[in-house]
Each structure stands twice: as C-alpha cells, then as structure tokens.
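Student: Can we go through this one together? I'd like to start with the rings and then move on to strands and pockets.

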Amino acid sequence: MSLSANRFFRPLLWPTLMTLAALPVLIGLGVWQLERLEWKEALLERIETRLAAAPVELPEPREWSALDVAAHEYARVTLTGRFLDREFHYFTQGAQGQAGYAVISPLEVEAGAVVLVDRGFVPAALKETDAHGGVPQGEVSFTGILRAPHARGTFDGVDDPEKNIWMVRDPAVMGAALDGMTVAPFIVEAGESAFAGEWPKAGAARVDIPNNHLDYALTWFGLAAVLVAIYFLYHRSNRRIGREKP
C-alpha cells in the first residue's frame with residue numbers, strides 16, 4: 001500500500017486481523033463505561049435528592065408485598081411503633097474500620113407487622129444486649145432511611161443464628177425467626193438522633209455506591225491507543241512501514 005510518493009505501508013495479515021478484531025471491542029467497552037458513568041451519576045444525584053428531602057410516611061404493611069423497594073431506597077421515612085424484645089447482630093465495621101455489629105431490632109408498626117430497624121453500630125465488646133442498654137421501651141417515633149436488603153455475595157460468611165451473628169443484612173432471612181410476623185421487605189437505618197444513649201451509634205447511613213466508570217473508560221480507551229501504537233511499531237520494526245529510498 002502506497003502512502004505517498006516516498007512512503008509505504010505493507011500490513012501483515014494476522015497482526016492486522018487481530019488488531020481489527022480487538023480495537024472495536026476496546027473502544028466499545030470504553031463507550032459502554034461512559035454510558036454507565038452517565039447512569040451512575042444520575043443515580044447518585046437521585047439518592048442525594050432523596051436524602052435531602054423531607055421525611056415521608058413509612059409505606060403501610062398492606063403495600064409491602066407489591067412495593068418496589070429499589071424505587072424508594074434512600075428515602076427518609078418516619079416510623080412509629082414498639083420494639084419487640086429481640087435483636088439481630090449483623091457483623092460489620094464501624095466508621096473507623098473497627099469490627100463490630102449493627103444492632104437490628106424489629107419494630108411493630110401494626111399488630112403482627114414489623115420493620116427491621118438498624119439502630120446503629122456497637123463495637124464487638126458491646127455485642128450483648130445488656131452491654132449496650134437493650135431495646136428502647138414503649139412507643140417510639142423517629143426518622144430513618146429506607147434501605148434495600150443486601151444480596152448474599154460469594155465471599156459472605158455463613159450466618160450463625162445460635163450466636164446471633166448475621167453476615168448479610170436481609171430482612172427476609174432474619175425475619176424468618178419471627179414466627180407469625182409480617183416482615184417488611186426493607187430495612188430502615190435509624191437517624192443519628194433517633195434514640196438516647198451512646199450505643200448503638202446510629203446515623204451511619206452513607207451512600208456506598210462506587211463510581212469508577214470514568215477511570216474504567218479511560219483505561220479501555222488507553223488500551224485501544226496502546227494497541228494501535230504497538231501495531232504500527234511492530235510493522236516499523238519489521239520494515240513494513242517507512243520511507244522509500246530515492
């Protein structure tokens with residue numbers, strides 16, 4: 001192939017075919033990550049808007065079976081009810097990275113209907129109920145953040161109900177121990193000022209959704225650029241591209 005009167009380029013078959021096959025894939029992955037970036041930024045903006053909005057009433061138990069939890073996640077909700085004398089201890093980390101437990105208690109909002117409320121974090125040494133003061137007594141009203149259940153991942157440990165250690169924050173799994181109760185398909189994280197006392201330490205709700213799509217996009221586009229550079233350098237080293245001598 002002649003580039004000009006003095007330059008030439010004679011592409012090799014297999015390097016050319018492999019480059020033509022790989023280059024669209026790399027560019028396509030980069031474009032896909034940019035699309036994911038746009039979607040993720042819209043999601044994070046929607047979450048921040050919900051967190052900043054005024055609290056709304058908790059969905060009623062008759063709505064729970066058909067509720068689109070994802071459409072309500074991170075909404076601030078108000079709750080009124082009485083805590084059952086029961087706790088579930090979800091193994092997690094505190095704000096400083098220390099090992100401990102989220103103390104989750106069932107709040108009866110209607111007769112026979114409960115919402116699992118994450119009352120906050122306690123260090124491992126304060127796991128037992130008497131060490132952190134037990135559940136609030138009487139009727140309580142407070143504001144919290146509605147959260148979707150956690151899906152069990154490949155690396156999540158096995159729950160140990162006998163020791164009251166739970167590795168996944170899933171109301172369906174925990175709620176199975178509450179015989180005869182209707183359990184909400186979501187969890188509510190109590191706000192920072194929801195309850196008196198130092199422990200459990202409430203208000204740890206945070207947007208824990210990573211947004212690395214721009215980095216991923218730049219990586220894929222960078223690999224595409226490197227592939228093109230290697231392709232031409234390879235041809236140059238094999239004297240398949242250059243300037244013809246006069």
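**Rings, strands and a pocket**

Tutor: Lysine 127 lies over the face of tyrosine 101, at 5.5 Å from the ring centre. Keep in mind that this is a predicted model.

Student: Is tyrosine 101 buried or exposed?

Tutor: Tyrosine 101 counts as buried because its relative accessibility is 9%, and buried means under 20%.

Student: How many aromatic pairs does the structure hold?

Tutor: There are five aromatic pairs in the structure. One of them is formed by phenylalanine 88 and tryptophan 166 and is edge-to-face, with 5.6 Å centre to centre and 75 degrees between the planes.

Student: Where in the chain are phenylalanine 88 and tryptophan 166?

Tutor: Phenylalanine 88 is in strand β4 (residues 88-93), while tryptophan 166 is in the loop between β7 and α4 (171-175). They are 78 residues apart, so the pair links distant parts of the chain. Phenylalanine 88 is buried, with a relative accessible area of 0%. Tryptophan 166 also counts as buried, at 5% relative accessibility.

Student: And phenylalanine 91 with tyrosine 101, why is that pair edge-to-face?

Tutor: Their ring centres are 5.6 Å apart and the planes stand at 70 degrees, so the pair is edge-to-face; the angle has to be over 60 for that. Phenylalanine 91 lies in strand β4 and tyrosine 101 in strand β5, so the pair ties together parts that are 10 residues apart in sequence.

Student: What about the accessible area of phenylalanine 91?

Tutor: Phenylalanine 91 is partly exposed, with a relative accessible area of 37%.

Student: New topic. Which strands does β7 pair with?

Tutor: Strand β7 (residues 139-147) pairs with strand β3 (residues 76-83) in the antiparallel sense, over seven bridges. Within that pairing, threonine 78 has threonine 143 in β7 as its bridge partner. Strand β7 is also joined to strand β8 (residues 182-190) by four bridges, and these two run antiparallel. There, arginine 147 has isoleucine 187 in β8 as its bridge partner.

Student: Now the second largest pocket. What is its volume, and which residues line it?

Tutor: Its volume is about 180 Å³. Among the lining residues are Glu57, Pro59, Thr78, Leu79, Thr80, Val109, Glu110 and Ser141. The elements that give two or more residues to this lining are β3 and β5 (99-110).

Student: Which element gives the largest share?

Tutor: Strand β3 does, with three residues.

Student: How do the lining residues divide into nonpolar, polar and charged?

Tutor: Five are nonpolar, three are polar and three are charged.

Key: Residues numbered from 1 in each chain as written. Predicted model: local features only at pLDDT ≥ 70, side-chain atom pairs only at ≥ 80, totals over all residues. Heavy atoms only, no water. Pairing = 2+ DSSP bridges. 1 Å grid on protein atoms, 1.4 Å probe; cavity = no way out; pocket = protein on both sides within 12 Å on 5 of 7 lines; lining within 4 Å. Points joined across faces, edges and corners; volume = space filled by probe spheres on them. Nonpolar A, V, L, I, M, F, W, Y, C, P; charged D, E, K, R; others polar. Phe/Tyr/Trp six-rings, centres within 6.5 Å; stacked < 30°, edge-to-face > 60°. Buried < 20%, exposed > 50% of the residue type's maximum accessible area, 1.4 Å probe, protein only. Lys NZ or Arg CZ within 6 Å of the ring centre and 35° of its normal.
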